[in-house]
Amino acid sequence: MTTAIADGWTMTRRNMTHVVRAPEELILYFSLPIMFVLVFGYVFGSGMQVAGGGDYREFLLPGVFVMTMLYGLGATATGVALDLSRGVVDRFRSTPMARSALMTGRSAADLLRALLEMSTLLVCGLLVGWQWRQGVGKALLAVGLLLLLRIAITWVGIYLALLVRNPDTVGVIVFPAAFPFTAISNVFVSPELMPSVIGTISEWNPLSATVAAIRELFGNPGLGGDSWPAEHAMLLAVLWPVLLIATFAPLAVRRYQRLSR
Amino acid sequence: MTTFEVVAEGLGKRYGPTRALDTFDLTVPPGTVHGLLGPNGAGKTTAVRILTTLLRFDTGRATVAGYDVLRRPDEVRARIGLTGQYAAVDEILSGRQNLELFGRLFRLSRREARRRAAELLERFGLDEAAGRSAGEYSGGMRRRLDLAASLIRTPRVLFLDEPTTGLDPRSRNQVWDLVRGLVADGTTVLLTTQYLEEADQLADRISVIDAGRVVAEGSPDQLKAMTGGDRIEVVVRDAAELSRAARLVAPLCGAEPELDPEVRRLSVPVVDRVAGLVDVVRALDDAGIAVEDIGLRRATLDEAFLHLTGHRPDEAREPVAAGRKAEVA
């Protein structure tokens, strides 16, 4: 157990060193949410409506936080797939390293990375006029929910990489796979303002649960409607990620073990 | 009783209908180099992956450094080093960071890992490049780093899977020297290669494998004798003279030459290379047969295969040619 933690930490440090030595990727992942804030907040924002009233930029920011967590999927999946394709995983597996360390190290490093991304985005948000209005305690709780979602997404990413293996393919499928989840959700538009079927799908989207919950915790506008998922956003914001972890972590572990077949 | 550092008994591994390994047997005594020689797809890498605990097998038994590969994989991993066909180091980390990382994974303390990394970097002539990303290294440097990473804790058994494929001759010689040094220090080495010459240079014993089975085993000299060893090739100017030349050459070399009338060439195995060549030149000259070209040629892997397996390994020809080309470039 101790060696598993020590090896996990060794691998976490390795993945963090990657971020330091090759920061280009991080910049790419930063630029996307910032671009969305600028385009939606300033270009389309003037024509956007928030159900129940309120400032659109303040409505938008929690959505962009969640979207950033989702796009971490690309970093996770590409990182794991690159390791697999370059044979360095074989070298790791031929050392006495704890078998779990490859995945726990990835998961922990991605969490640290998400923390870094979150801090940057919070500052960006404050710069464009967003703020938390319910005190620091609830704001931290909101950040906690975001990180919980990120952990769930990490495991989806690890599984995806082990399933697809080829890093180029992973790079190509991540964005088309992730984008609909942000589009058909409450990230940019309130579901009440969507056609009924799409609105319902949006409300049940796992991302929407976290977005709605953190809007509530930050005291931002757009607390959408009186549907069941909207009323129980906080519960769903915990339940969805836990469910995703409970599904994808065992799947990923099984796939990883199958490397030796 | 000798204890062997590597034992494989009747190893079998199938992927669907394909038998990657089929009753594969191997014993390697301590402190020796054993070569696995065969074309791509013969099962060399499969055997190495099984013996290094990376791959499960379906049938048979294997021990490495005295431990059962299936039941005590952790004990095996603590005592082996693996250098794969493709330099398996972290390409973003620097050379030093790579070695420190693997030092930690081999359970060295942080300080020990740092010291060991510095030691290996110096020994492998990488200290000047220690701070650069491994991804920026040349092929030869990467292979050396890869080798250094498998020597963190001087392994009892070192597995080298095609360690010089794609390297230029100078880098190849460097790798060979490093391997010889390790063996002198008592490490046992299992080496896979497509090159007869490499096995000849390094290995005490060689197993030739084809379609997942060992088809011949012996010292390099024994193997060369089995495959016919060196050959003399003569191209005559006039095709009509070819059979007369063959009748002259046969008693000198003690074997019936193979004739290829289309290119007016005869080819005959020879035991004593230089004396044989002198005899043949003199005999042809005395008989007044005009010779366009004459030379000694080493047995090729293809010929070894033709001889040992009775078929030309289709898969062998192209990868071997590609490998050779990479060496020249």
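## Chain B at a glance

Let's begin with how chain B is connected: among its contacts between residues at least 6 apart in sequence, 67% join residues at least 24 apart. Two residues are in contact if their C-beta atoms, placed from the backbone, lie within 7 Å. Chain B contains 12 helices and 14 strands; these are DSSP runs numbered from the N terminus, with helices being H or I of at least four residues and strands E of at least two. Of its 329 residues, 43% count as buried, where buried means that 20 or more other C-beta atoms lie within 10 Å of the residue's own C-beta atom, again placed from the backbone.

This is a predicted model, in which local features need pLDDT of at least 70 and side-chain atom pairs count only at pLDDT 80 or more, while totals for chains, interfaces and linings use all residues. Residues are numbered from 1 along each chain as its sequence is written, and chains are lettered from A and ligands numbered from 1 in the order in which they are written.

Four strands of chain B form an open, antiparallel sheet in the order β2-β1-β4-β5. Strands β2 (18-28) and β5 (67-68) of chain B are at the edges with a single partner strand each, so one side of each has no neighbour in the sheet. Strands count as paired if DSSP finds at least two bridges between them; β1 (residues 6-15) and β2 of chain B are joined by seven bridges. Here B:V6 stands opposite B:V28.

Helix α1 (residues 44-51) of chain B packs on this sheet, where it touches β1, β2 and β4 (59-64), and its direction makes about 115° with that of β1(B). Angles run from 0 to 180 degrees between N-to-C directions, using axes fitted to C-alpha atoms, for helices over the stretch in contact. How many residues of α1(B) are buried? Eight of its eight are, including B:K44, B:R49 and B:L51. After the helix comes B:T53, with a positive phi near 70°.

## The six-stranded sheet

A second open sheet in chain B has six strands in the order β6-β7-β8-β3-β9-β10, and its pairing is mixed. The edges are β6 and β10 (213-218) of chain B, each with a single partner strand, so one side of each is left without a neighbour. From one strand to the next, the twist averages 15°.

Strand β6 (residues 80-83) of chain B points B:I80 and B:L82 one way and B:G81 and B:T83 the other, and all are buried. In a regular strand the side chains alternate between the two faces of the sheet. Four bridges link β6(B) to the parallel strand β7 (residues 157-161) of chain B, with B:L82 partnered by B:F159. Helix α6 (residues 169-184) of chain B lies across β3 (33-37), β7 and β8, at about 150° to β8(B).

## Where the chains meet

Contacts between the chains involve 27 residues of chain B and 20 residues of chain A. On the chain B side, α2 (73-77), β6 and α3 (95-105) each give two or more residues, and α3(B) provides the largest share, five residues.

Definitions and conventions: A residue is buried if 20 or more other C-beta atoms lie within 10 Å of its own, exposed if 12 or fewer, and partly exposed in between; C-beta atoms are placed from the backbone.
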